[in-house]
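Reader: Please present the model, and then let us discuss it in questions and answers.

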Amino acid sequence: PQMLPRLALVLGTEGEGASDEILRLASRAVFLPMHGFMQSLNVAVACGMLLQRLFDLCPSARGDLSPEMRAVLRERLAEAVPRLAGPSADDGDVGDGD
């Protein structure tokens with residue numbers, strides 16, 4: 001398969017779905033069919049299904065980041081959301097075994 005064009009996956013809430021504004025801007029909308037007794041999917045499960053299908057169709061879409069870029073992005077994330085950085089030596093959470 002050929003490389004896919006740039007795209008954005010927008011996942012809406014279970015009750016509301018994607019907003020009308022987003023749907024108007026979209027060039028394509030995809031809906032996951034439901035069979036049997038299921039009436040909804042957790043958004044994380046739906047995202048996983050969509051990404052797996054994307055990667056099945058275009059394995060090169062997985063991409064990869066260099067170790068340096070990973071470190072930069074982790075640092076940015078830690079600055080933006082400090083609780084994701086974990087305990088630090090000066091916050092009292094790291095003890096000496098006492």
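Author: V30 is exposed, with a relative accessible area of 58%; exposed means over 50% relative accessible area, buried under 20%, and partly exposed in between, with a 1.4 Å probe and protein chains only. This is a predicted model, in which local features need pLDDT of at least 70, side-chain atom pairs count only at pLDDT 80 or more, and totals for chains, interfaces and linings use all residues. Residues are numbered from 1 along each chain as its sequence is written, and side-chain values use heavy atoms, with hydrogens and water left out.

Reader: Where does V30 lie relative to the helices?

Author: Helices are DSSP runs of H or I with at least four residues, strands are runs of E with at least two, and both are numbered from the N terminus. By that assignment, V30 belongs to the loop between α1 and α2.

Reader: How far apart in space are V30 and L11, C-alpha to C-alpha?

Author: In sequence, V30 and L11 are 19 residues apart. Their C-alpha to C-alpha distance in space is 9.8 Å.

Reader: Is A26 buried or exposed, or partly exposed?

Author: A26 also lies in the loop between α1 and α2. Its relative accessible area is 35%, so A26 is partly exposed.

Reader: Which helix supplies the largest share of the lining of the largest pocket?

Author: A pocket is an open set of points on a 1 Å grid over the protein atoms alone, where a 1.4 Å probe fits, with protein on both sides within 12 Å along at least five of seven lines; lining residues have an atom within 4 Å of a point. The largest pocket is lined by 36 residues, with V30 one of those nearest its centre. Both α1 (20-25) and α2 (43-57) supply at least two lining residues. The largest share, 7 residues, comes from α2.

Reader: How many disulfides are there?

Author: A disulfide is a pair of cysteine sulfur atoms within 2.5 Å. C47 is partly exposed at 22% relative accessible area, whereas C58 is buried at 2%. By the distance rule, the number of disulfides is 0.
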